[in-house]
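The questions below are meant for someone meeting this structure for the first time, and each answer works towards the value or name that was asked for.

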Amino acid sequence: MNSDRTTPVVHIEKVEKWFGRTSALRDINLTVQPGEFMVFLGRNGAGKSTLLRVIARIIRPNSGKVEVCGVDIQRRPEAGRERLGFVAHNTFLYRNLTARENLKFFAKLYQVPNPEERIRETLGWVGLERSANRQIQGFSRGMQQRLAIARATLHNPQILLLDEPFSGLDLEVSELLAEWLKEFVSHGKTILMATHDLVQGLDGAHRWAILDYGKIVEEITGSYVMVRDKYRQFLKERKSEFF
Amino acid sequence: MNFFSQAAAILWKDILTEFRSKDAITSMLIFGLLVILMFYFAFEPDRLEIEKFGPGLLWVTFIFAGMLGMNRAFAGERENDSLQGLKLAPISWAAIYLGKMLANLAFMLLVEAVILICFAVFFNFDLVPRLGWMLMITLLGTLGFASVGTILAAISMNTRMSDVMLPILLLPVILPLVIGAVSSTAAIFTDPPGEGLAFWLKFLVVYNIVFLTVALLLFDFVLEE
């Protein structure tokens, strides 16, 4: 297994995924280098979330190859998932457990060394140390999402997969999340984010891919403003197809 | 982290969440006690009738109370899409099954202990001389039920009418188990124990080995999308 700086952190070759007769992903080829912040743009149902879930091997592709840090995720899904953190709109947390208990549970599953110390450190980082012993059913959406970020980064993953992480967040938490993403990338880690909208926090992204009907239709490397204009143009064209 | 530590972590989490919410145990317990109470007032059976109908009554109560618990087994994982969080962890998905199955087994055994005590009190039936056998049969029968019930609860979780779907899927598969459990319980209700006891106990052991192994091997495919 290779996971040095020259090995792509994600390498996808000819991936196809079908749900029954519906094609969710078509001929996806992608290579992501360490330290990259890549954003998948597209309308609802374009295949962005499916692609992230294929990379995490929650979904098995019908054909093609997916490697995470040099590990074939089809053959060794557990070894691949060790290197991934995943933040989605849903938090994956248990409402009857306290913030600390939630993190303790995930620390066990991810075999985090010195879990108590790491949990304290992570709770402090997301600003939840005072609420550590409260059951999360009393948490606001923003607090739950902060804890979800703590959960996803607890094991110090090399790659962070984000599926619409800004949805439903207020401005303050959105700004915090954007800060954390920049910090994460500045440490040489990789971010792959799926979003249907050009929300804030994307100005730090290096590369963009527009997905449509399960296919990457355009890859863009450039400034946020350039991407915004191209994506708006793309949406306009798609809209005109319907009317 | 080995397979059993992974399962133990999930078992710990399920016990803690159930301890806080008490959703499954409360509904199972109330249902079980109501059934025993209803039978008591409806029939007021004598000693011979208890020997005849008692095993069936007990196992019908265990199974239907257990079904309520099974329906709750994955309900907690649907909130906040927590099952995705488990699937994303670097663990074997079979460990998720084992942890959840053991949690279901523990909840059912707890409820069954209370039901058994109530059965003995209401029907004035002396369980003490046959307690060892009763515990063994209850453990084997419940283990088989939890093994099959947990995997079928995971399958029915994503169906539109999961509460209805689970009994439809589960009851035909556990029919041989129920026959084995009722027959072996009937054998210990007579004094001395009936001849068929050894056969039915072996049957329950084989049922458990087969279905536990099959469930552990198939659970990956159940969770796969």
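Q: How many bridges join strand 1 of chain A to strand 4 of chain A?
A: This is a predicted model, in which local features need pLDDT of at least 70, side-chain atom pairs count only at pLDDT 80 or more, and totals for chains, interfaces and linings use all residues. Residues are numbered from 1 along each chain as its sequence is written, while chains are lettered from A and ligands numbered from 1 in the order in which they are written. Strands (E, at least two residues) and helices (H or I, at least four) are DSSP runs numbered from the N terminus, and two strands pair if DSSP finds at least two bridges between them. Strand 1 (residues 10-19) and strand 4 (residues 63-68) of chain A run antiparallel, and the number of bridges joining them is five.

Q: Which are the edge strands of the open sheet in chain A?
A: Four strands of chain A form this open sheet in the order 2-1-4-5, with antiparallel pairing. An edge strand here pairs on one side only, and the two that do so are strand 2 (22-32) and strand 5 (71-72) of chain A.

Q: At what angle does helix 1 of chain A run to strand 2 of chain A?
A: Axes are lines fitted to C-alpha atoms, for helices over the stretch in contact, and angles run from 0 to 180 degrees between N-to-C directions. Helix 1 (residues 48-55) of chain A lies across strand 1, strand 2 and strand 4 of chain A, and its angle to strand 2 is about 60°.

Q: Which residue takes a positive phi in the hairpin of strand 9 and strand 10 of chain A?
A: Strand 9 and strand 10 (residues 215-220) of chain A pair in the antiparallel sense over five bridges; A:Leu211 stands opposite A:Ile216, and A:Asp212 has A:Lys215 as its bridge partner. The hairpin has two residues between the strands, and the residue with a positive phi, near 45°, is A:Tyr213.

Q: Are helix 3 and helix 5 of chain A roughly parallel or roughly antiparallel to each other?
A: The axes of helix 3 (residues 99-109) and helix 5 (residues 141-153) of chain A come within 9 Å and cross at roughly 25°. Angles under 35 degrees count as roughly parallel, over 145 as roughly antiparallel, 65 to 115 as roughly perpendicular and the rest as oblique. Helix 3 and helix 5 of chain A are therefore roughly parallel.

Q: Which element of chain B gives the most residues to the side that touches chain A?
A: Two residues are in contact if their C-beta atoms, placed from the backbone, lie within 7 Å, and in this sense 23 residues of chain B are in contact with 22 residues of chain A. The elements giving two or more residues to this side of chain B are helix 1 (3-21) and helix 5 (82-88) of chain B. With seven residues, the one that gives the most is helix 1 of chain B.

Q: Does B:Met157 count as buried, partly exposed or exposed, and why?
A: B:Met157 is found in helix 7 (residues 131-157) of chain B. A residue is buried if 20 or more other C-beta atoms, placed from the backbone, lie within 10 Å of its own, exposed if 12 or fewer, and partly exposed in between. Because B:Met157 has 19 C-beta neighbours inside 10 Å, it counts as partly exposed.
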